[in-house]
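Hello,

Here is the structure I promised to pass on to you. Have a look at it first, and then read on for what turned up.

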Amino acid sequence: MTRYEFLKSMGFQGGALMALLASCQSNNDPTPTTTTSSSSSSSSSSGSTSGSTSGSGTSSGSSSGSTLLASVDLTAAANAALKNSGGYIIVNSIVVARTAQNTYVAATQTCSHEPKKKVTFLNGEFFCSEHGARYSTTGVGLNSYGAKGLAVYKVTVNGNTLEIS
């Protein structure tokens with residue numbers, strides 16, 4: 001059953017129905033482009049990267065040709081949560097999390113189940129607090145709510161700065 005069919009079955013009509021359908025759409029998030037990576041995990045980027053992969057979604061070195069979506073200063077007090085494994089921050093509607101020593105992952109804050117900015121990082125996975133959608137660090141859905149997957153971004157460590165592209 002589509003969202004439209006469900007809302008009609010609940011008695012919504014005309015302008016009210018259209019308003020509800022329109023409120024469920026969001027185009028404010030960055031849109032990643034996907035390329036094939038040499039590592040076993042999926043990552044999103046456009047362009048090439050020099051450096052070595054040090055974990056799921058994390059590279060060290062500098063990226064060239066990529067669209068920089070966010071930059072995170074690891075020495076800033078506002079980003080102190082990234083000093084601990086499992087810690088995360090939200091910047092530019094992107095959830096950036098530390099999974100291990102010098103290993104970081106990033107994904108959109110907008111859930112694919114319903115476009116709500118409720119995604120956080122919990123127990124080593126991305127989690128939407130709205131309906132419980134769960135996603136792996138590579139964006140793969142881990143339950144029925146997360147079946148559509150989650151957009152993940154490439155994270156490059158450049159000294160004390162994380163570059164998300």
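Two strands count as paired if DSSP finds at least two bridges between them. With that in mind, look at strand S10 (residues 125-128): two bridges join S10 to S11, and the two strands run antiparallel. Within this pairing, Phe127 has Arg134 in S11 as its bridge partner.

Please keep in mind that this is a predicted model.

S10 and S11 belong to an open sheet of three strands, in the order S9-S10-S11, with antiparallel pairing. Strand S9 (119-122) and strand S11 (134-135) are the edge strands, each pairing on one side only.

Stepping back to the whole chain, you will find two helices and 14 strands. The chain has 165 residues, and 35% of them count as buried. Its accessible surface comes to about 8600 Å², with 50% of that belonging to carbon and sulfur atoms. Of the contacts between residues at least 6 apart in sequence, 41% join residues at least 24 apart.

As general background, nonpolar side chains in soluble globular proteins tend to be buried together.

Enjoy exploring it!

Best wishes

Terms used. Residues are numbered from 1 along each chain as its sequence is written. This is a predicted model: local features need pLDDT of at least 70, side-chain atom pairs count only at pLDDT 80 or more; totals for chains, interfaces and linings use all residues. Side-chain values use heavy atoms; hydrogens and water are left out. Helices (H or I, at least four residues) and strands (E, at least two) are DSSP runs, numbered from the N terminus. Buried means under 20% relative accessible area, exposed over 50%, partly exposed in between (1.4 Å probe, protein chains only). Contact means heavy atoms within 4.5 Å. Accessible areas come from the Shrake-Rupley method with a 1.4 Å probe; for residues, only the protein chains shown count as cover.
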